[in-house]
Amino acid sequence: MPLAAHAAGFARLALANVTREYPNSPAHLMTSPDEEVRPRALHPAFYGSYDWHSSVHMHWLLVRLLRRHGGTPALPDTAPVTDVLDRHLTPANLAVEAAYLRGRPSFERPYGWAWLVALAAECRAYAGAAGARWAAALAPAVAAVDALLAEWLPKATYPVRHGTHPNSAFALGLLLDTGELPAATAEAVRRRLQAWFADDHDAPAHWEPSGQDFLSPALTEADAMRRVLGREQFARWLDRFLPALRSGAPCPLLEVPVVSDRTDPQIGHLLGLTLSRAAALRSIAAGLPDGPVRRRLAEAADAHLAAGLPAVRREDFTTGHWLATFAALALDAGPGDTARSG
């Protein structure tokens, strides 16, 4: 199920969302009665898609679709996409976004940070003047994230392991995939992942999922460690971390989550879990030597993807403002780990 088959629909959905200012849930701490709190004033680039991080990664999706499929039968009309990106990703707009990040060191840490850097990487990878222009405009915001990471990583003694936005493993793994970080920052990310997770074993997979997860704590950790360990070393680590995979015992991580109410904003997170698991399972499988564990993970990934994609096509705003991004990750994941911005 390649991304091309969904390119036009995903682009239409992302365009509708990144230009939709309301409803909006700003994560803004008000410190004065005189503050301007309209979404477009706070975030002139990323005012849409209900919240800041969703707006950022739906912009990433638009650039990813342009880069992979723009001008092909899958996405023949690129003008609506480039017009919106040209309006949003300007130096003036992104200077405001960069200043906002620098002034609020914990805002969107680390999930939104990672997606912003991934967006810049996708712009840089997109051939032509437009991609270079967008990447240059994003550079001050990327520099802000780099400075914030340098300040935060040394004091992040413990990872956040739960399956929502503050999850540490997902964000740091995504940051490594971008290739946008300076070498010193990327090495600090690798060291932090090793310090957090290298000795982990016997993950409590039976605790998953929690009721509003859109990420799997265990699988995001495993996928992060795949990025910092060699293939054989990673296979040994995974055997310790999730021994049920090799033994053939039942593993809840391989079972498609039950979503009892797809319109509930929190229960609906489980639709995202279905797709983010598919992406992680595919990427983890690609990082292993051929064998029964790799095949078991790949089969589970296919089942999750088949279950999750219909929810994107439903286009309910509760999930429509973010879910297509995770569908794209799952559709692109696999050998060579093309899931992110590579």
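Residues are numbered from 1 along each chain as its sequence is written, and side-chain values use heavy atoms, with hydrogens and water left out. Because the model is predicted, local features need pLDDT of at least 70 and side-chain atom pairs count only at pLDDT 80 or more, whereas totals for chains, interfaces and linings use all residues.

Helices are DSSP runs (H or I, at least four residues), as strands are runs of E of at least two, and both are numbered from the N terminus. Helix α3 (residues 52-69) takes part in a packing with helix α16 (residues 323-332), the two axes coming within 9 Å and crossing at roughly 40°; axes here are lines fitted to C-alpha atoms, for helices over the stretch in contact, and angles run from 0 to 180 degrees between N-to-C directions. This angle makes α3 oblique to α16, given that angles under 35 degrees count as roughly parallel, over 145 as roughly antiparallel, 65 to 115 as roughly perpendicular and the rest as oblique. The crossing of α3 and α16 is left-handed, a term used if the near helix is turned anticlockwise from the far one by less than a right angle, with right-handed used if clockwise. On the α3 side, the contact (heavy atoms within 4.5 Å) is made by His57, Met58, Trp60, Leu61, Arg64 and Arg68, and on the α16 side by Ala324, Thr325, Phe326, Ala328, Leu329 and Asp332. By residue class, the contact of α3 with α16 consists of 7 nonpolar, 2 polar and 3 charged residues, where Ala, Val, Leu, Ile, Met, Phe, Trp, Tyr, Cys and Pro count as nonpolar, Asp, Glu, Lys and Arg as charged, and the others, Gly among them, as polar.

Helix α3 also meets helix α4 (residues 79-88), with axes that come within 11 Å and cross at roughly 135°. That angle makes α3 oblique to α4, and the crossing of the two helices is left-handed. Here α3 contributes His59, Leu62, Val63 and Leu66 to the contact, while α4 contributes Val81, Thr82, Leu85 and His88. The residues of this contact of α3 with α4 comprise 5 nonpolar and 3 polar, with no charged residue.

A further helix pair is formed by α9 (183-197) and α10 (217-228), whose axes come within 10 Å and cross at roughly 130°. The two helices are therefore oblique to each other, and α9 passes α10 in a left-handed crossing. In this pair, Arg190, Leu193, Gln194 and Phe197 of α9 meet Glu221, Ala224, Met225 and Val228 of α10, a contact whose residues divide into 5 nonpolar, 1 polar and 2 charged.

Helix α8 (residues 168-178) is largely enclosed by the rest of the structure, because 11 of its 11 residues are buried, where buried means under 20% relative accessible area, exposed over 50% and partly exposed in between (1.4 Å probe, protein chains only). The buried residues of α8, among them Phe170, Leu174 and Asp177, pack against α6 (111-125), α7 (129-152), α9, α10 and α16. Following α8 is Gly179, which has a positive phi near 70°.

Leu149, located in helix α7, counts as buried at 0% relative accessibility. Leaving aside neighbours within four places in sequence, Leu149 is in contact with Trp113, Pro154, Leu175, Leu181 and Thr185. Leu153 lies in the loop between α7 and α8 and counts as buried at 4% relative accessibility. Not counting residues up to four places away in sequence, Leu153 touches Leu172, Ala188, Val189 and Arg192. Leu153 and Arg191 are 38 residues apart in sequence, with a C-alpha to C-alpha separation of 9.6 Å in space.

Glu21 lies in the loop between α1 (7-18) and α2 (39-42) and is buried, with a relative accessible area of 14%. The side chains of Glu21 and Arg40 are joined by a polar contact of 2.8 Å, that is, a pair of N or O atoms within 3.5 Å, of which, within protein, one must be able to donate a hydrogen and the other to accept it, residues adjacent in sequence counting only if both atoms are side-chain atoms. Beyond residues up to four places away in sequence, Glu21 touches Pro39, Arg40 and Tyr47.
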